[in-house]
Amino acid sequence: MFIDKVKIYIKAGNGGKGAISFRREKGIPNGGPDGGNGGRGGNIVFRATRELNNLVNFRFHSHFRAENGDAGSSNNKIGKSGKDLIILVPQGTIIKDAETGKVIADLFYLDKDYVILKGGDGGKGNCFFKSPTRQAPHFSQTGEITKEYAIYLELKTIADVGLIGYPNVGKSTILSVISNAKPKIANYQFTTLSPNLGVVNYYEHSFVVADIPGLIEGASEGQGLGHEFLRHIERTRILVHVIDISSEDGRNPYQDYITINDELSKFNEKLAQLPQIVVLNKIDKIRDYFVVDEFKHLLNNKKIKVICISAIIKENIQELIKTIWQELEKLPPQVPVDIEEFGFDKKDLNAIDIKKISKGVFELSGGFIDNISRGIVVNDYESLSYFWKRLKNDGVIDMLKQNGLKDGDTVRIGKVDFEYIE
């Protein structure tokens with residue numbers, strides 16, 4: 001089974017809770033707070049590997065969670081950080097945000113780690129909150145709770161050359177005789193049900209060729225099999241357009257050429273603009289070379305190279321390999337797709353959002369509020385005192401007043417309401 005697009009869910013590890021602890025040692029009656037910070041949660045990391053060639057491993061496993069950080073402990077011991085979760089995918093996998101469709105990462109390079117989600121920060125222990133006026137804080141900070149996100153994994157095969165054409169024109173046979181690939185070959189339509197890759201050696205050089213399942217008219221709109229795999233030739237540098245010049249299936253060779261190029265344009269205009277080499281296959285089955293001359297006359301494009309071969313008897317195969325390499329040398333190397341600036345967990349710790357819910361009720365949110373509110377213990381006077389002091393010293397109370405806050409009004413943070421008293 002070949003799967004090249006899946007939806008999965010990922011979640012980085014939560015941060016560990018800060019500890020509440022006090023030194024209790026013989027001879028030290030007032031040891032003071034010594035609660036350590038919580039450990040950081042594990043990251044979600046993607047890594048491309050050659051060991052995989054499609055996304056079938058994700059068919060029945062779609063939820064991925066990194067390890068949570070451990071809580072801090074006494075003696076100012078920091079909690080153990082959660083382990084990163086490394087997810088292996090085929091080279092060429094693109095990661096997209098399921099909600100916006102934006103590209104987050106292109107795993108173009110092998111063995112490079114892409115951190116897609118960062119683990120939550122660990123909470124501060126009560127030792128962190130010690131001050132000259134708060135010498136024995138009985139509160140700490142909870143670890144940061146991370147969110148789960150939905151993403152799409154979409155495989156776009158990385159190959160220098162894409163073999164395209166109608167079903168049963170001999171693409172798989174060509175791949176088998178020019179490379180080390182061993183694709184399934186049979187004399188019926190849609191033998192190839194997934195892209196096959198092969199490495200072609202030309203003296204000290206080499207290049208990768210992808211055999212794309214046969215295209216038919218309407219492929220860009222979902223007809224046949226090829227539409228499922230058109231994305232796999234989006235990365236190629238050149239297309240080798242294989243035509244059955246023998247017309248043994250009753251089709252017109254030139255009309256096949258026009259139809260396939262039309263489908264490429266409908267799917268992605270950039271595909272139609274890729275350089276092409278036209279390969280007229282099965283010349284061993286024609287009686288008169290007039291059909292070749294007629295095709296070239298109709299093509300009427302001196303820039304497109306036309307090569308006649310017979311893959312089954314390996315006629316003119318070396319000339320084909322030579323021509324492909326010569327054309328590749330003229331083209332720039334492959335590069336990853338452009339990535340828009342995007343991040344699930346970008347944290348603006350200075351962000352403060354104020355919203356007036358109703359008369360006398362104000363809601364506070366934003367990165368700054370989320371960060372300091374993790375230390376709130378509602379039933380602890382010192383904790384609340386520290387929290388309101390931060391709001392005042394950092395100008396949040398003044399911002400609320402500018403928005404109409406008055407004595408006795410309600411300030412809502414998350415699910416907790418506080419009464420503001422001058």
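**Figure 1. F129 and F139, two buried rings.** Both F129 and F139 are buried in this predicted model. Their rings form a tilted aromatic pair, with 4.8 Å from centre to centre and 45° between the planes. F129 and F139 each lie in the loop between β7 (113-117) and β8 (148-155), so the pair ties together parts that are ten residues apart in sequence. Ring pairs also join F129 and F139 with F128 and Y386 in a cluster.

**Figure 2. F207 and W325, a stacked pair.** The ring centres of F207 and W325 are 6.2 Å apart and the planes meet at 15°; planes under 30 degrees apart count as stacked, so this pair is stacked. F207 belongs to strand β11 (residues 205-211) and W325 to helix α5 (residues 317-329). The two residues are 118 residues apart, and their pair links distant parts of the chain. F207 and W325 are both buried.

**Figure 3. Lysines over aromatic rings.** K5 has its charged end over the ring of Y152, at 5.3 Å from the ring centre. In a second case, K124 lies over the face of F128, and here the distance to the ring centre is 5.2 Å. F128 is also a member of the ring cluster that contains F129, F139 and Y386.

Figure 4. Six of the six residues of strand β13 (residues 276-281) are buried, so the strand is largely enclosed by the rest of the structure. Strand β12 (residues 238-244) pairs with β13 in the parallel sense over six bridges. Within this pairing, L239 has Q276 of β13 as its bridge partner. Strand β14 (residues 305-308) also pairs with β13 in the parallel sense, over four bridges. There, V279 has I307 of β14 as its bridge partner.

**Figure 5. Two asparagines with positive phi.** Most residues other than glycine have a negative phi. N76 is not a glycine, yet its phi is positive, at about 60°. This residue is in the loop between β3 (63-65) and β4 (85-90). N76 has a relative accessibility of 41% and counts as partly exposed. N168, also not a glycine, has a positive phi of about 65°. The loop that holds N168 runs between β9 (161-164) and α1 (171-178). Is N168 buried or exposed? With a relative accessible area of 17%, N168 is buried, because the limit for buried is under 20%.

**Figure 6. Cysteines C127 and C308.** C127 counts as partly exposed, at 28% relative accessibility. C308 is buried, with a relative accessible area of 13%. The count of disulfides in the model is zero.

**Figure 7. The whole chain, for context.** The protein chain has eight helices and 18 strands. Of its 422 residues, 48% count as buried. The chain exposes about 22200 Å², and carbon and sulfur atoms supply 47% of that area. Among contacts between residues at least 6 apart in sequence, 71% join residues at least 24 apart. The count of aromatic pairs is 14, including the pair of F129 and F139.

Definitions and conventions: Residues numbered from 1 in each chain as written. Predicted model: local features only at pLDDT ≥ 70, side-chain atom pairs only at ≥ 80, totals over all residues. Heavy atoms only, no water. Phe/Tyr/Trp six-rings, centres within 6.5 Å; stacked < 30°, edge-to-face > 60°. Buried < 20%, exposed > 50% of the residue type's maximum accessible area, 1.4 Å probe, protein only. Lys NZ or Arg CZ within 6 Å of the ring centre and 35° of its normal. Contact = heavy atoms within 4.5 Å. Areas by Shrake-Rupley, 256 points an atom, 1.4 Å probe, with all protein chains shown as cover. Disulfide = S-S within 2.5 Å. Pairing = 2+ DSSP bridges.
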